[in-house]
Amino acid sequence: MPITQHANVVGIFPEAAFNKVIKEVMLQMPDVFNYASAALMGQSLCSPIRKHPVKGTMDFPTCTEVPKIPLPGLPASAGLDFCIQITELKVDFQPSNSISLPSELGNLAVQEFALKGKACCGVSCGNRTNVPIPGKDKGKQLKDGKAKEVKKDTGLLKDLEKVPYLPVTLPHLNCFCLELFAKMAVVRDSTSIRLQLLGIEIKDISPIGLENIIECYLFKLLNKVVFPKIMIKLEDLVFSVGEFFTVMPAAISATVPYNPNVSSDKLTLFINLNP
């Protein structure tokens with residue numbers, strides 16, 4: 001029975017190839033996976049932001065600005081600066097054989113897949129780090145061989161010969177990173193193809209109340225903020241090749257119940273070429 005019996009073209013993406021695509025997306029769209037309040041934008045966060053070498057030379061955003069964590073009874077400006085970063089992602093299509101899901105998430109059902117990742121968070125509780133930054137009129141003096149060193153961990157200048165500088169304070173982050181697991185599904189409706197988070201579980205964190213709060217926050221962040229940005233509209237997948245034919249995803253039917261189809265360690269797409 002030919003694989004193209006229900007569509008003109010069938011695209012198959014093995015699990016390993018799909019994980020390579022995820023890494024490339026994270027390099028191409030770092031602002032989708034990194035979030036920080038205004039005072040932290042453009043600064044070193046809990047984990048270095050990785051970006052594509054070409055885009056690194058262009059004026060592309062690497063982080064999305066979000067409001068501070070509010071403090072009840074105080075104005076928004078008095079809140080806590082924070083960041084949250086999704087630094088690693090890996091998928092395991094049904095059947096689950098490369099990621100062992102925690103018992104809390106159960107087994108994978110039809111059209112579901114597993115995800116394993118790492119998330120890093122940081123909060124500045126008002127403590128700040130004094131950083132010597134050279135003044136504009138002292139740039140030549142610094143370039144002419146004055147003794148100084150560059151701290152590799154922060155990338156900031158440390159003046160060893162008391163060259164005049166303008167004192168600047170930067171927020172100091174208290175960071176932690178967590179390993180997380182998720183159960184997800186590919187959802188196709190009449191207008192789009194999108195990802196849906198079904199459940200999330202954080203490994204080795206206590207007390208249980210803290211774990212539940214963090215899982216709740218990450219669940220909302222992924223489903224309400226991250227995934228809508230990478231949703232694909234079906235109309236964007238329809239295009240014409242001159243006057244010869246039109247390319248479009250095969251419609252859902254009894255013969256093609258899922259498109260895309262997530263099973264057998266691969267993602268399968270059914271595409272029709274219509275005259």
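Predicted model: local features only at pLDDT ≥ 70, side-chain atom pairs only at ≥ 80, totals over all residues.

Student: How do you know that the span of helix H1 agrees with what a helix should give?

Tutor: H1 covers residues 15–28, which is 14 residues. At 1.5 Å a residue they should span 20 Å, and the end C-alpha atoms are 20 Å apart, so the two agree.

Student: Which residues of H1 are buried?

Tutor: Glu15, Asn19, Ile22 and Met26. Look down the axis of H1 and its buried residues fall within an arc of 50°, so they line one face of the helix. Among the elements covering them are strands E1 (9–14), E4 (81–93) and E16 (266–274).

Student: What makes methionine 29 partly exposed rather than buried or exposed?

Tutor: Its relative accessible area is 31%. Buried needs under 20% and exposed needs over 50%, so at 31% methionine 29 counts as partly exposed. Methionine 29 lies in the loop between H1 and strand E2 (34–36).

Student: How far apart are methionine 29 and threonine 62 in sequence and in space?

Tutor: They're 33 residues apart in sequence and 7.3 Å apart in space, C-alpha to C-alpha.

Student: Why is the pairing of threonine 246 and serine 240 called a polar contact?

Tutor: The cut-off for a pair of N or O atoms is within 3.5 Å. The side chains of threonine 246 and serine 240 make their contact at 3.5 Å, so the pair qualifies. Threonine 246 is in strand E14 (residues 245–249), and the residues it touches include Val238, Phe239 and Asn272.

Terms used
Residues numbered from 1 in each chain as written. Heavy atoms only, no water. Helix = DSSP H or I, 4+ residues; strand = E, 2+ residues; numbered from the N terminus. Expected span 1.5 Å × (residues − 1). Buried < 20%, exposed > 50% of the residue type's maximum accessible area, 1.4 Å probe, protein only. Arc of directions from axis to C-beta. Contact = heavy atoms within 4.5 Å. Polar contact = N/O pair within 3.5 Å; in protein donor to acceptor, adjacent residues only side chain to side chain. Lists of a residue's contacts leave out its neighbours within four places in sequence.
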